[in-house]
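The structure is shown first.

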Amino acid sequence: MKYEMVVGLETHVELATATKIFCGCTTSFGGKPNTHCCPICTGQPGTLPLLNKKVVEYAVRAGLATHCEINRVSHMDRKNYVYPDLPKAYQISQFDEPVCKNGYVQLDSGKRIRILRIHIEEDAGKLVHEGGCTYIDYNRGGVPLIEIVSEPDISSPAEAKEYIEKLQLIMRFIGVSDCKMQEGSMRCDVNVSLRPFGQKEYGTRAEIKNMNSVSFIVKALEYEYERQSDLLDSGEKVTQDTLRYDESTGATVLMRRKEDAQDYRYFPEPDILTFTISPEQVALIQKTMPELPDEKKAKYLALGLSEKVVSDLYRYKKATDFYEEAMQRGASSGKAASYIVGTIYSTLATEEEKENFALRITAADFAELVSYVDKGLDFAVGKKALLTMLETGKKVTQVLSPAELNLSDEEDPQLVAYCKEVIAERAQAVADFKSGRETAIYSLYGALKGKAGKTVNIKLADKILRRLMAE
Amino acid sequence: MKDTVFTLASRLKEKKISSVELTKAYIHAIEKENSALNAYVSFNFEEALKQAEEADRMLAQGACSPLCGIPMTLKDNICAKGVPTTCASRILQDYKPVYDATAWSKLRALGAVMLGKTNMDEFAMGSTCETSCYGATKNPRDPAKVPGGSSGGGAAAVCANLAPYALGSDTGGSIRQPASFCGIVGLKPTYGAVSRYGLVAYGSSLDQIGPLTTSVRDAALVFDAIKGKDPFDDTSRAVDLSSTLLKEDVRGVKVGVIREYFDGLGEEISSAIGKTIAFLQENGAEIISLSLPEIKLALPVYYIIACAEASSNLGRYDGIRYGYRVENYTTLDDMISKVRSEGFGKEVKRRIMLGSYVLSSGYYDAYYKKARKLRSQLAADLNKAFRSCDVLIAPTTASTAFPLNNPTKSVTETYLTDIYTVPVNVAGLPAVSLPCGKDKSGMPIGLQFIGGKFEEGKILSVARFLEEHFDCGIEEYEGGVRL
């Protein structure tokens with residue numbers, strides 16, 4: 001590896017506001033073509049845009065979550081270009097005064113990928129090619145976007161992947177976007193160049209447009225690394241091209257050369273007044289910010305959960321909400337986490353289902369179940385009960401009988417008798433335990449379940465066994 | 001000057017005539033006399049009669065707006081649902097908006113009756129009404145002359161008694177200049193005073209809708225009805241007209257005269273305005289002489305900014321969704337290129353090219369950016385004048401109406417004729433033009449009162465005083481619907 005890879009990303013994130021950025025049309029995905037549009041978002045002559053304040057608020061949230069400065073004064077600009085999916089022949093975007101600037105996203109290695117700016121803009125419509133004809137669907141036209149522009153701080157496909165996935169998680173956590181790449185609510189333009197290790201100056205970059213999958217971005221970067229290093233090795237120059245990634249061949253394909261680059265003739269949008277975002281407004285938004293993914297992760301690790309459990313748990317916002325509520329209601333952190341990751345997830349087949357975390361039971365129901373396990377209900381019995389609860393929406397007290405849940409601390413003479421029997425029968429285990437092998441007690445539990453049934457109160461039995469063995 | 005709207009309103013109120021009868025009278029006159037003038041480009045008679053019937057019902061129920069039941073016209077760049085709105089351009093031929101402009105919907109709610117759409121320079125780019133795809137409108141006072149532009153059709157209609165009032169738009173003088181050429185009153189409101197929603201954009205940071213009327217009082221009435229904050233126009237705001245109205249006379253009113261406005265001005269216009277200044281002084285106004293050399297920069301600033309915005313605003317006309325479309329083309333680019341080549345007139349193309357040029361990378365700083373900087377300086381300087389003056393007085397135009405098809409004027413000479421009107425747009429100020437005399441051939445001479453931002457009341461008060469007490473010698477037009 002002679003060359004260092006230098007990558008910067010421009011990430012477009014579709015905001016989850018209910019209405020479009022400049023009119024009252026719905027932003028919902030799908031819908032019959034041209035049913036989510038109006039004179040304003042189709043750019044009818046004489047119409048004017050009205051800036052949706054929620055869009056600014058969401059951009060501020062995104063900025064705060066990525067450690068950006070929030071510009072007090074901001075304005076919209078026009079980016080002029082002609083394409084049928086853009087009915088005004090200009091996109092209302094931001095050029096020199098974006099809502100946010102100078103932030104960063106921190107990778108797990110501690111490296112920070114700096115964010116140059118986050119600006120707001122409108123999405124374009126969509127062209128549909130069918131039967132030799134091209135149709136235009138303006139439903140998506142005017143859906144609000146933020147564009148998050150990173151500095152060229154990314155040095156490998158793996159870092160690019162981590163950066164995008166972090167952004168995705170952050171945006172989902174703060175509720176500004178679902179960031180579904182396959183539905184186009186998150187898309188990336190990837191700028192990539194190479195330079196010999198140690199060299200300060202950047203090489204000439206190529207830009208790969210409109211990527212909508214993390215794995216394709218990784219593949220495209222790997223491909224570009226090969227392509228550009230071949231060029232450099234053979235003494236040729238990389239040209240400043242705009243490329244697209246061909247998914248079928250796994251290669252990047254030339255779209256246009258630098259000479260054909262468009263002049264967007266940016267200028268301030270006269271139809272929308274300059275707007276200010278006061279420090280008070282920012283403070284107000286800051287107050288409503290939830291814990292961010294990295295903060296959650298650190299918190300869960302500090303609770304003593306395993307890396308594996310934490311990594312499965314922290315990335316789904318709703319799961320973490322559910323988990324934390326259960327803990328607040330008295331569930332123990334370890335068992336609750338194990339049940340969510342091991343049992344509840346098993347009923348949620350897709351990423352989307354995990355994301356939505358739509359369950360038939362409440363966090364209170366879940367907490368009640370876990371506290372029975374904490375009091376001594378067998379873990380496996382609890383798991384089975386939980387699955388039934390998830391399926392039926394019933395509470396644990398409806399799933400298990402009072403007898404099964406009879407977890408009183410009162411020592412049942414029958415239980416004491418079983419314990420004595422077990423100790424008598426398992427001399428080896430008892431000896432092992434007495435010699436200091438703590439885990440030997442588990443075989444006594446097993447034997448006890450054979451006699452007393454699975455619903456035996458293990459916590460109580462443990463106490464009795466230890467006392468008897470100490471006598 | 002006659003208060004056409006007020007006079008008709010009192011007749012309607014006294015039941016001497018119904019709105020339907022009045023509307024029919026105008027329709028009859030238009031059918032008879034419009035073809036000679038070409039003031040209207042489309043008629044809305046059937047709908048107008050329905051609106052008149054509705055207005056009569058409203059009047060019977062005691063509707064109190066003097067505008068209820070009064071016919072009027074819209075410039076062809078102001079949207080009315082279902083009514084052709086073409087901006088006098090081939091590219092928007094047959095285009096029917098699916099919504100009403102805010103200014104029109106406000107009037108409509110009061111019971112206004114819309115007779116039709118009036119001619120204009122294509123996309124409001126011009127000062128003669130000759131760039132219209134429907135052909136030029138003629139000045140009713142001399143059919144060999146232009147009515148001015150771009151709101152020339154509306155000015156001609158009001159002048160010729162073919163409409164009691166008209167709504168026009170003013171980006172660089174497009175209401176005031178034709179008002180001046182036709183000898184009527186035209187008000188260009190403060191930028192933001194009237195919603196632009198539904199006004200097909202030319203220069204978005206300069207455009208304003210305003211009334212063309214036969215009197216200042218009528219202009220104030222119409223302005224009061226259409227002004228105000230519109231949730232559909234971010235740049236609009238609430239305006240309280242009555243709070244800036246002055247007393248009935250001009251005693252103690254400070255009238256500023258910017259010296260540079262009179263440099264090189266022709267003798268006839270200079271002396272006509274001189275007489276009105278003297279008259280105001282005799283009546284107790286204080287005349288304050290000011291110098292503002294930078295005002296001449298307003299012209300290049302205006303053309304750079306207006307063209308830049310126009311180049312962007314007009315990008316949407318590509319024949320894909322509405323408007324003119326060609327039959328034979330090879331590719332998408334070919335189609336758009338043909339649509340725009342055939343659909344736009346020469347002047348529009350010129351301004352699109354100028355505008356694209358000044359926004360291009362490499363030229364942006366030298367032109368557009370500099371123009372914006374000068375614009376704010378100029379606006380600040382002009383605003384400063386209102387610390388010492390209540391109103392400014394200035395000529396509206398450098399000449400009276402010029403001949404139709406005037407081949408002697410170059411493009412730049414034509415642009416230069418806007419020199420007196422554009423500073424007001426550049427600074428976003430209100431100004432009202434009214435007749436103050438006539439030239440030796442009897443054509444009207446106009447002057448304008450310019451006010452501070454949102455001080456329409458002041459300029460209308462002074463203009464009203466002048467209109468009532470100073471005889472400008474302009475005779476009433478012989479044709480049309482006579483009161």
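A contact here means heavy atoms within 4.5 Å. On that basis, 69% of the contacts in chain A with a separation of 6 or more are made by residues 24 or more positions apart. The model under discussion is predicted.

The secondary structure of chain A comprises 16 helices and 16 strands. With a radius of gyration of 29 Å, well over the 23 Å that the globule rule gives for 471 residues, chain A is more spread out than a compact globule. Its C-alpha trace spans about 90 × 55 × 50 Å along the principal axes.

Turning to burial and surface, 53% of the 471 residues of chain A count as buried. The chain exposes about 21700 Å², of which carbon and sulfur atoms supply 51%. As for charge, chain A carries 62 positive and 69 negative side chains, and the centres of these two sets lie 3 Å apart.

Aromatic side chains complete the picture. Over all chains, a search of the whole structure finds 31 aromatic pairs. In chain B, B:Tyr302 and B:Tyr303 form an edge-to-face pair, with 4.9 Å from centre to centre and 80° between the planes. Buried means under 20% relative accessible area. B:Tyr302, at 3% relative accessibility, therefore counts as buried, and B:Tyr303 is likewise buried, with a relative accessible area of 9%. In chain A, ring pairs link A:Tyr316, A:Phe322, A:Tyr339, A:Tyr345, A:Phe357, A:Phe366 and A:Phe379 into a cluster.

Key
Residues numbered from 1 in each chain as written. Chains lettered and ligands numbered in written order. Predicted model: local features only at pLDDT ≥ 70, side-chain atom pairs only at ≥ 80, totals over all residues. Heavy atoms only, no water. Helix = DSSP H or I, 4+ residues; strand = E, 2+ residues; numbered from the N terminus. Rg over C-alpha atoms; globule rule 2.2 N^0.38 Å. Buried < 20%, exposed > 50% of the residue type's maximum accessible area, 1.4 Å probe, protein only. Areas by Shrake-Rupley, 256 points an atom, 1.4 Å probe, with all protein chains shown as cover. Lys, Arg positive; Asp, Glu negative; His and termini not counted. Charge placed at Lys NZ, Arg CZ, Asp CG, Glu CD. Phe/Tyr/Trp six-rings, centres within 6.5 Å; stacked < 30°, edge-to-face > 60°.
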